[in-house]
Every structure is written in structure tokens, then in C-alpha cells.
Number of protein chains: 2
Amino acid sequence: MPPSALFFDVFGTVVDWHGTVAREAALLLEPAGVTLDWFAFAKAWRNEYAPSFMPIVKGERSYADLDVLHRENLLRVLAAEGLPPQDAPLVAELVHIWHRLDPWPDAVGGLRRLRARFPCCTVSNGHAALMAAMARHAGLEWDLILGSEPAQQYKPHPRVYRTAASWMRLETGDCMMVATHENDLKAAAECGLKTAYVCRPHEWGRRDGDGFDDMPEGRYDLVARDFHDLADQLGC
Amino acid sequence: MPPSALFFDVFGTVVDWHGTVAREAALLLEPAGVTLDWFAFAKAWRNEYAPSFMPIVKGERSYADLDVLHRENLLRVLAAEGLPPQDAPLVAELVHIWHRLDPWPDAVGGLRRLRARFPCCTVSNGHAALMAAMARHAGLEWDLILGSEPAQQYKPHPRVYRTAASWMRLETGDCMMVATHENDLKAAAECGLKTAYVCRPHEWGRRDGDGFDDMPEGRYDLVARDFHDLADQLGC
């Protein structure tokens, strides 16, 4: 049975945070006299991501949106690099890089094909305003922006997946989660959703050699090379 | 100062409920042996709308979405016409007419122009799944679908306008409500939003003669003949 709606993880699955953050952080910080390995900087910032929201998932902290967490995490990474504090407008600009990440080359065209047949919704940890800004920047068109804002919670908390299905007036079993992260797909499957793993071998940058194919360890309903392959497999 | 986002009423302002409900109800009910004045039927169904959500606005009833209210109101209108109860699948199909209303002739093109400059969000009493289905049907593209679902409340309750601004991470004064209903614009203005009245002289059907121009009684920041005129006035 085909799903009635597709739910998309966004950071890493639809857009390239690694390449965009490295490039845009360099553009903002080099004029301020900062020189860093920008790809390492992007990874260091992203590495703070899950540790920063897990206290919220565990109920140890009340909901704060991703701008708040990205800002806290940035200050931590800059301090760890021994850099002086940057001024508030520059910090705000750096945080807003995450609102305008570039799509993977297949994302816009693949999504267009998928959307011709299926309602396609974001179920991301990014809040609604961030997702809306990113969609405008990247040329992505969504049926609904769901995820952390309606649930006031972060994936992999089950409330995020269940709220998304509820807003679409669908059973979770009629929804398919599309992601390149296995913990996201496993949490979705535990809520009853179908799952599609999309390979994004360069999410954390290019690997040595050409052989790295990013195949998942777990089992999912579909495994796709990219969004066009997903569209092919779903009969779009 | 131009607004930072435009918030749209939908039923009557973007789409023609009167013409679509009359046509589609006839298509569904005439094969069931029902003959009615279909335009009068559409108006009678719509006339039940505000009385049905006002108990929710007043806190006398907990939130129920527009499918629930449309269904209750339909059964009341059919009973008032002396018609026998229709079977459940047909009632569900009738209720779903409100998910696939046709846009006014200027709506899709005008919205495209407005959206090139401003984030454009629905702030409608329709729930998210209804609005998403309507957008697909009508070819409308929105930045965010806000309104009754995030607020779990109906306009003109102030929580609907305030929640919409909050999800956009904007002050209410940076948002402009676009509607053809003066009570909607007045409630938005009381929350601090800017207001744009759009003339929809045929929302309740064609009037006698050509002179009916549907000018508002109140004062709003903008008064526009249609969405293209609004785009002109906003410098799009």
C-alpha cells in the first residue's frame, strides 16, 4: 500500500548543512579576522546539536526553538576554539545561516515529482519560521510545515511524529518518514510510520575514495539513492 | 512601513465557496434524487458557519475542526429543507467540498506576485489538512499554513492572530491581515496587525446590476479591488 503522505527530515536529508554552513560562516567570520578550518567548524557546531535538544526530549528542559539552541551551541564552539565573543548582530547572522541552507542537487526536482502524487510535509526539528525561510531560499514547496513547532518538542520524541500525522488527519501507518538518519526512521517506525532511507553520503563532507555509498544498517520500507530514485520507487 | 508578512483569510477572500459549493453539491445530490436551489443551499450552509463556531470563540465549547462543524451544519440545513438523512459516505463527500474550493480568477496569479516579495500565510478558520488540500486543488502556494489549527481556536478570537505572528517570529504590527470580511480585519487590527480589505462583491453570488462594488464601511490600511491591485499597492 502506498503512503497517503510523505514526511521529510530536512537538515542533511533535503539540504546540505555541512557545505552551506562552512561556506557562509567563512564569509561572515573571515572579515572579522577569524580563520578556521570551516568544514571542521561546521561539524563541531552540528555535533552540539543532538546533545542540546536531548534534555528537551527527556523532559529536563522546556521547549526552546532551534535558533536558541544554535546560538548557545555556537557560543560554546567559538569558546572552545579560543575565539573572543563576537558581537550580537554577527552571532544572529551566523545563527540565521541555518535558515538558508542549500538543497542537495536532486532535492528540488525530486520533491516536485514526489509532490505531484503525494502531499509532502516537513517533519523537521527546525521551527516553522526557519523552515518557511529555508523553503523560500531553496525553492522548495511543501504542503505543510510540521515537526517541532506544532509538537513543541524535538525528534525522536514520539509526539513530533504523532502530531504531524494528526494535523494531516491521517493514521501514522498511512504516513512515510523520509530521512537519511536511522535514529529518526527508527523512532518514526516505533510510532507506526512507514520509512524511507535516503542515502546522503556527503552529509558530513566528502569521504575518501568513491566507494562510500552510505547504505543503512537497519531495515526500512524503502532505501533510495536520492529523491529521484525515491520518486521512481514510489511510482511518481 | 511595508509589512514583513501577509496573512490571508481564505473562504471568500481567496476562494469562491458560493459558486463551488453550489455546483459541487448539485453534482453530488442530484444523482441522489435531491433538487434544490443550489445557490440558496450554499448560502444556507454558509449562514450556519459563524453561529457554529462562536460558542468555541466564547469558550462555551471546546475546539472542534471545521469538518465537524460543516457536517453538523449540513445535517441541520438538510433537515430544514425537509430532506431525508443522506448516507454517511455522501455526507462526508459533501463536507469535503470545502477542501476543494475554486480560487477567484485573480487569486493564483496575484498571490504569486505578492509571494515574490512577502511571505504569505493562511490565517483561516480552516484546519491545516483542509487548507493543504485546498492549496493543492487550487494551485495556491503558501509559505505557512497557520490559523485555527495552531491556535486551536477560531477567528475572531485574538489567539488566532497572535499565534500566527508568533509562529512567524514577528510582532503583530509587522503582519498584515488580508480579508474581505470587516469583522476579521477589525479583530486583527485590535491585535495590532495592519489590514488590507479586498473587495469580493460576488462572495454571496452575483448582485443585481453592475454597480455593486463591495466597498467597506470601516477604515483599513489598504483597500484593493483584487489581489493584483493589492500587489500593485504593495509595490510587488
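A salt bridge here is a side-chain nitrogen of Lys or Arg within 4 Å of a carboxyl oxygen of Asp or Glu. By that rule, the side chains of A:Glu141 and B:Arg115 pair up at 3.5 Å, N to O. This pair runs between chains, from A:Glu141 in the loop between α7 and β3 of chain A to B:Arg115 in helix α6 (residues 107-117) of chain B. Helices (H or I, at least four residues) and strands (E, at least two) are taken as DSSP runs and numbered from the N terminus. A salt bridge also joins A:Arg115 to B:Glu141, again with 3.5 Å from N to O.

The model is predicted, with local features needing pLDDT of at least 70 and side-chain atom pairs pLDDT 80 or more, while totals for chains, interfaces and linings use all residues. Residues are numbered from 1 along each chain as its sequence is written, chains are lettered from A and ligands numbered from 1 in the order in which they are written, and side-chain values use heavy atoms, leaving out hydrogens and water.

As for the interface as a whole, 20 residues of chain A are in contact with 20 residues of chain B, contact being heavy atoms within 4.5 Å. About 1,800 Å² is buried between the two chains, with carbon and sulfur atoms giving 49%; buried area is the accessible area (1.4 Å probe) that two parts lose on being put together, summed over both. On the chain A side, A:Arg136, A:Trp167 and A:Arg169 lose the most area to chain B, together 37% of what that side buries.

Polar contacts (pairs of N or O atoms within 3.5 Å; within protein, one must be able to donate a hydrogen and the other to accept it, and residues adjacent in sequence count only if both atoms are side-chain atoms) link 10 residue pairs across the interface of chain A and chain B, both residues at pLDDT 80 or more. The elements giving two or more residues to the chain A side are α6 (107-117), α7 (128-138), β3 (144-147) and α8 (148-151) of chain A. Of the residues on that side, α7(A) supplies the largest share, 4 residues. By class, the chain A side has 11 nonpolar, 1 polar and 8 charged residues, where Ala, Val, Leu, Ile, Met, Phe, Trp, Tyr, Cys and Pro count as nonpolar, Asp, Glu, Lys and Arg as charged, and the others, Gly among them, as polar.
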